[in-house]
Structure formats: structure tokens, C-alpha cells
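Please have the structure open as you read.

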Amino acid sequence: MPTLFERIISGEIPSDRVYEDEVCVAFRDIAPQAPVHVLVVPRKPVPALDGGLDAALAGHLLMVASKVAQQEGLMKGYRVVINCGRDGGQTVDHLHIHVLGGRSLTWPPG
Ligand code: AMP
């Protein structure tokens, strides 16, 4: 069964893409938690942060998260989040980085 994000990456499910390259795709979260809320998702369906991620892919995804933040004009700062596993709040079993910004974010998260 393809993951939800594989179906978005293939175009079967529409999304609002803000960036893509040969390794990953970035699109707006359907339920944004901040004025800017983008998900950076590898094309390869790595299930989670601790599920088959290699250093090159991890580095690439973080570089793209930074690029997306700049592209979205988040000059005053932003947050990068990876939820991992049930207690971490992960709901889609396909690794993704949340890029959140456009307002002052509180800490700690819930
Ligand atoms: P997580 O809870 O960390 O696994 O994040 C999954 C994210 O995917 C949530 O923030 C959802 O709002 C988002 N999401 C679910 N379905 C879609 C969709 N069709 N398009 C864009 N984002 C989605």
C-alpha cells in the first residue's frame, strides 16, 4: 500500500507544492498550525526518522527545509519539527519535516 505522501508525490492526491527536486517534495500542510506550514518529504518512502534514513538524505532534507523557509520569507525565524512514532505525534508513516513559521512560536510544544 503506498503511503499518503507517496500518493501526494505521484500526483494522485493534489497538493500545493512549493519546492521539488530529484530527492524530495515540499508542499503545504492541509491543516496548517502556523501561517506557514510546509512538509518536506523524501520521494523514497522512509517510514520514520529511525527507519532507514541515511546521512546524505537527512542532510539534504534539512537543507531543503532551510531553503523553503527562506523562500517563504521566514526572516524572523521558524521551527523545524520531525515527529517520530506514536508518542512523538507521528500520524503518517512516511518521514517528513515540518517547517513552521510566520508567527512567534511557543515552547515547549504540547
Ligand atoms: P505528523 O503528525 O507529524 O505525521 O504529520 C502529518 C501531517 O500531514 C499533519 O500535519 C497533517 O495535517 C498533514 N496532512 C495529512 N494529509 C495531508 C494532505 N492530504 N495534504 C497535506 N498535508 C496533509
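## The second largest pocket

Helix α1 supplies three residues to the lining of the second largest pocket, the largest share. A pocket here is found on a 1 Å grid over the protein atoms alone, as an open set of points where a 1.4 Å probe fits, with protein on both sides within 12 Å along at least five of seven lines; lining residues have an atom within 4 Å of a point. Helices (H or I, at least four residues) and strands (E, at least two) are DSSP runs, numbered from the N terminus.

The second largest pocket holds about 270 Å³ of space, a volume being the space filled by probe spheres set on the points, which are joined across faces, edges and corners. It has 19 lining residues, and those closest to its centre are Leu 4, Phe 5, Asp 29, Ile 30 and Leu 39. The elements giving two or more residues to this lining are α1 and β2.

This is a predicted model: local features need pLDDT of at least 70 and side-chain atom pairs count only at pLDDT 80 or more, while totals for chains, interfaces and linings use all residues. Residues are numbered from 1 along each chain as its sequence is written, and side-chain values use heavy atoms, with hydrogens and water left out.

## The ligand

Where does the ligand sit? It sits in the second largest pocket, meaning that more than half of its atoms lie within 2 Å of the pocket's grid points. The elements that give two or more residues to the shell around the ligand are α1 (4–10) and β2 (24–28).

In total, 16 residues surround the ligand, with Asp 29, Asn 83, Thr 91, His 96 and His 98 the closest; a residue counts if one of its heavy atoms lies within 4 Å. One is 2.5 Å from a side-chain N or O atom of Asp 29, and for His 96 the corresponding distance is 2.9 Å. At Val 92, a polar backbone atom is 3.1 Å from a ligand oxygen.

## The largest pocket

The largest pocket has a volume of about 510 Å³. Of its 19 lining residues, Arg 79, Val 81, Leu 100, Pro 109 and Gly 110 lie nearest the centre. Elements giving two or more residues to the lining are β4 (78–81), α3 (85–88) and β5 (97–101), and β4 gives the most, with three residues.

Key:
A polar contact is a pair of N or O atoms within 3.5 Å; within protein, one must be able to donate a hydrogen and the other to accept it, and residues adjacent in sequence count only if both atoms are side-chain atoms.
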